[in-house]
Amino acid sequence: MEQPKEKDVLLEVNHLSIKFHLKNGKEAKVVEDVNFTIHKGETVALVGESGSGKSITSLAIMRLLPIPPGEITSGSITLNGKNLLTYKNKEMSRIRGNEISMIFQEPMTSLDPVFTIGNQMIEGIRRHQKVSKKEAWNKALQLLKEVGIANAEKVIAEYPHQLSGGMRQRVMIAIAMSNNPQLLIADEPTTALDVTVQAQILKLMLKMKEEHRSAILFITHDMSVVAETADRVMVMYAGQIVEEAPVRELFLNPQHPYTTALLKTMPSLETDVKRLPSIPGTVPPAYALPDGCRFAPRCPHALAHCHQEQPAVHHIQEAHKVRCHLFTEKGELAHDRERSFAGN
Ligand SMILES: Nc1ncnc2c1ncn2[C@@H]1O[C@H](COP(=O)(O)OP(=O)(O)OP(=O)(O)O)[C@@H](O)[C@H]1O
């Protein structure tokens, strides 16, 4: 993909921080000072282990966070220059399913079991477009064909439970694309499917994205999926983005020790899949974050300093940023860290 231009900015998340007020009186800082931009037509992956805050970030963009107990403590989420956080609920329901759509891991949670696929699709289309029932029906049928459902005339009259997991996810993609969204948020859309169907669904999402000229925010914990889909990658750890880079750059030149560790969890042709490494330790809970760098307790390169002070974000290159004490202000390896790397 060509270098995006400033005027092509679609979504801007600035200094977003979110906390949850827990029943035991504690506070959980689930997202902290998250900043990123998505350009028109771009596919951006948000990657990280379970519990890192990926879903909470996407729910905040959709304005679907449970508030309370959730609270957006700072920041803005701007779509086409307008801050979604200032919208009234009614205005936001016009944006949702229209300018921004979302696909979840488990389609049964979004599909209504008591309505046929056709009725659900028509409802969604007519909520945002002034078309007759007949026109909406034809559009639904055409979309089902576009997502590769061969017997669309039969499926349109069926109920969600009558379809396989892969078919339901195809239907969800058809519904998500039915109003030509500018941004599609896909939260682990293939995790529940078997490997062959996963590959088909990923291919289909990218095809639909091209045809409808949408951008995608792709949420996943799977680096292989990132390699196949994304233009740009953001790595999230314990509520913060710790590294961001174009996909090729991230895979060839990862800088954050967490990114390096995540990449090692990726199967390759040479790896024995049964012996795939996992990252030692776990993501700290958002109500008990460590002092200093949040990854320091698991980091093989951590020094005393890392356990005391939060690292700032450094630019390695224009589009490559990393939040780590390994780097000085100029984005160069810090002296003492250079020695630590050399020793490993
Ligand atoms: N309703 C809630 N109340 C309190 N804490 C919550 C709530 N929902 C999520 N969290 C916490 O927010 C943090 C981030 O969760 P989130 O679901 O965004 O992670 P994730 O990276 O998407 O993980 P996964 O891949 O498992 O979905 C976790 O520590 C989680 O326990």
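Helix H1 is mostly covered, with six of its eight residues buried (a residue is buried if 20 or more other C-beta atoms lie within 10 Å of its own, exposed if 12 or fewer, and partly exposed in between, with C-beta atoms placed from the backbone). The buried ones are Lys 54, Ile 56, Thr 57, Ser 58, Ala 60 and Ile 61. Helices (H or I, at least four residues) and strands (E, at least two) are DSSP runs, numbered from the N terminus. The model is a predicted one, where local features need pLDDT of at least 70 and side-chain atom pairs count only at pLDDT 80 or more, while totals for chains, interfaces and linings use all residues. Residue numbers start from 1 along each chain as its sequence is written.

H1 also matters for the ligand shell, where it gives the largest share, three residues. In total, 17 residues surround the ligand (a residue is near a molecule or strand if its C-beta atom, placed from the backbone, lies within 6 Å of it). Val 30, Ser 50, Lys 54, Ser 55 and Ile 56 are the closest. By residue type, the shell holds nine nonpolar, seven polar and one charged.

Most residues other than glycine have a negative phi, and most peptide bonds are trans. Just after H1, Arg 63 takes a positive phi of about 55°.

Two other loops carry a positive phi in a residue other than glycine. Glu 188, with phi near 50°, lies in the loop between strand S7 (183-187) and helix H7 (195-212). Glu 188 has 19 C-beta neighbours inside 10 Å, so it counts as partly exposed. Ala 238, with phi near 45°, is placed in the loop between strand S9 (232-237) and strand S10 (240-246). Here 24 other C-beta atoms lie within 10 Å, so Ala 238 is buried.

Now for helix packing. Two packed helices are described by the angle between their axes and the distance between the axes. For helix H3 (residues 117-128) and helix H4 (residues 133-146), the axes come within 9 Å and cross at roughly 115°. Axes are lines fitted to C-alpha atoms, for helices over the stretch in contact, and angles run from 0 to 180 degrees between N-to-C directions. H3 and H4 are therefore roughly perpendicular to each other (65 to 115 degrees; under 35 counts as roughly parallel, over 145 as roughly antiparallel and the rest as oblique). Their crossing is right-handed, meaning that the near helix is turned clockwise from the far one by less than a right angle, with anticlockwise giving left-handed. On the H3 side the meeting residues are Gly 118, Met 121, Ile 122, Ile 125 and Arg 126, and on the H4 side they are Lys 133, Ala 136, Trp 137, Lys 139 and Ala 140. This contact is made of six nonpolar, one polar and three charged residues.

Asn 179, in the loop between helix H6 (165-177) and S7, has Ile 125 of H3 among its contacts. Leaving aside neighbours within four places in sequence, Asn 179 also touches Gly 97, Asn 98, His 128 and Gln 129 (contact means that the C-beta atoms, placed from the backbone, lie within 7 Å). With 17 C-beta neighbours inside 10 Å, Asn 179 counts as partly exposed. Ile 173, in helix H6, counts as buried, with 26 C-beta neighbours inside 10 Å. Outside four places in sequence, Ile 173 is in contact with Ile 103, Val 147, Leu 204, Met 205 and Met 208.

Over the whole protein chain there are eleven helices and twelve strands. Buried residues make up 38% of its 344 residues.

Notes:
Nonpolar A, V, L, I, M, F, W, Y, C, P; charged D, E, K, R; others polar. Contact = placed C-beta atoms within 7 Å.
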